[in-house]
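This report describes one protein chain for a reader who has not seen it before. It goes from the chain as a whole to single residues.

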Amino acid sequence: MKAIVLAGGLATRLRPLSRIVPKPLLPVLNEPILLRVLRGLREAGFVEIGVTIAPHCALIERHLGSGGELGIELTWLRESEPAGTGASLKLHRDFFGGSPALVLTADMLTGVDLRGMADAYERSPATVTVAVAEQDPATWPGDVVVSDGDEGHAYLFRPGAAVSLRRTSTRSKG
């Protein structure tokens, strides 16, 4: 299984910092956040990793090179301009080669067991496997998957705006 890291965004919420340094290279505990993400992927067993970058992110490629020093193989997936998540994945679908892939953002520091997610997928292949954290939909400001175990029943785009789904889950066949 391959992994793809989305790193080509504009990081407008972090301006003025992101005007000088691309957000994935901003330090967290004196280390670029993207480096932490890539190490986490390597520790989870991912060695083939694609990283999306737009022209304003060229410094990222210069900083990380081929990934050999990290024990991974980086493929730089270049975009002429930031494409957004869905368009970026569609643009670089050849990188996946029809195989499953783990998708992360370059600023995602998480305690999610990435290897466990990949193993769960391999035991029960699905169209999409999503990591979710338990939240109270009445107070959580973000999107929410309503589930019973592994089976999803609804997706709340914002609290109170439920949309029924036919069959969706943290592991779904679509």
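A residue counts as buried when its relative accessible area is under 20% and as exposed when that area is over 50%; partly exposed covers the range in between. Arg115 has a relative accessible area of 27%, so this residue is partly exposed. The model is predicted, and the values below are computed from it.

**The chain as a whole**

The chain has 174 residues, and 34% of them are buried. Its secondary structure consists of 6 helices and 11 strands. Among contacts with a separation of 6 or more, 61% are made by residues 24 or more positions apart. The accessible surface amounts to about 10300 Å², and carbon and sulfur atoms contribute 53% of that area.

**A parallel sheet**

Strands of a sheet pair through backbone hydrogen bonds, either parallel or antiparallel. Here, 4 strands make up an open sheet with parallel pairing, in the order β5-β4-β1-β6. The edges are taken by β5 (73–78) and β6 (101–105); each has a single partner strand, so one side of each has no neighbour in the sheet. On average, and with direction ignored, neighbouring strands of the sheet are turned by 25° against each other.

Within this sheet, β1 and β4 are paired in the parallel sense over 4 bridges. Ala3 is placed opposite Ile49 of β4. Helix α2 (residues 33–43) lies across β1, β4, β5 and β6, and runs at about 165° to β1.

**Salt bridges**

The model contains 5 salt bridges. The table lists some of them.

| Glu48 | Lys2 | 3.9 Å |

Which parts of the chain does the pair of Glu48 and Lys2 link? Glu48 belongs to strand β4 (residues 48–53) and Lys2 to strand β1 (residues 2–6), so distant parts of the chain, 46 residues apart, are linked by this pair. Glu48 has a relative accessible area of 35% and is partly exposed.

Asp119 and Arg115 are both in helix α6 (residues 114–123), where 4 residues, about one turn of the helix, separate them. Asp119 is partly exposed, at a relative accessible area of 30%. A network is also present: Glu31, Arg36 and Arg39 are joined by salt bridges that share partners.

Is Glu31 buried or exposed? Glu31 has a relative accessible area of 18%, which is under the 20% limit, so this residue is buried.

**A loop with positive phi angles**

Leu29 is located in the loop between β2 (27–28) and β3 (31–32). Its phi is positive, about 55°, although Leu29 is not a glycine. Asn30 is also found in the loop between β2 and β3. Phi of Asn30 is near 65°, again a positive value in a residue other than glycine.

Are these two residues, Leu29 and Asn30, buried or exposed? Leu29 has a relative accessible area of 72% and is therefore exposed. Asn30 is exposed as well, with a relative accessibility of 79%.

Key: Residues are numbered from 1 along each chain as its sequence is written. This is a predicted model: local features need pLDDT of at least 70, side-chain atom pairs count only at pLDDT 80 or more; totals for chains, interfaces and linings use all residues. Side-chain values use heavy atoms; hydrogens and water are left out. A salt bridge is a side-chain nitrogen of Lys or Arg within 4 Å of a carboxyl oxygen of Asp or Glu. Helices (H or I, at least four residues) and strands (E, at least two) are DSSP runs, numbered from the N terminus. Buried means under 20% relative accessible area, exposed over 50%, partly exposed in between (1.4 Å probe, protein chains only). Contact means heavy atoms within 4.5 Å. Accessible areas come from the Shrake-Rupley method with a 1.4 Å probe; for residues, only the protein chains shown count as cover. Two strands pair if DSSP finds at least two bridges between them. Axes are lines fitted to C-alpha atoms, for helices over the stretch in contact, and angles run from 0 to 180 degrees between N-to-C directions.
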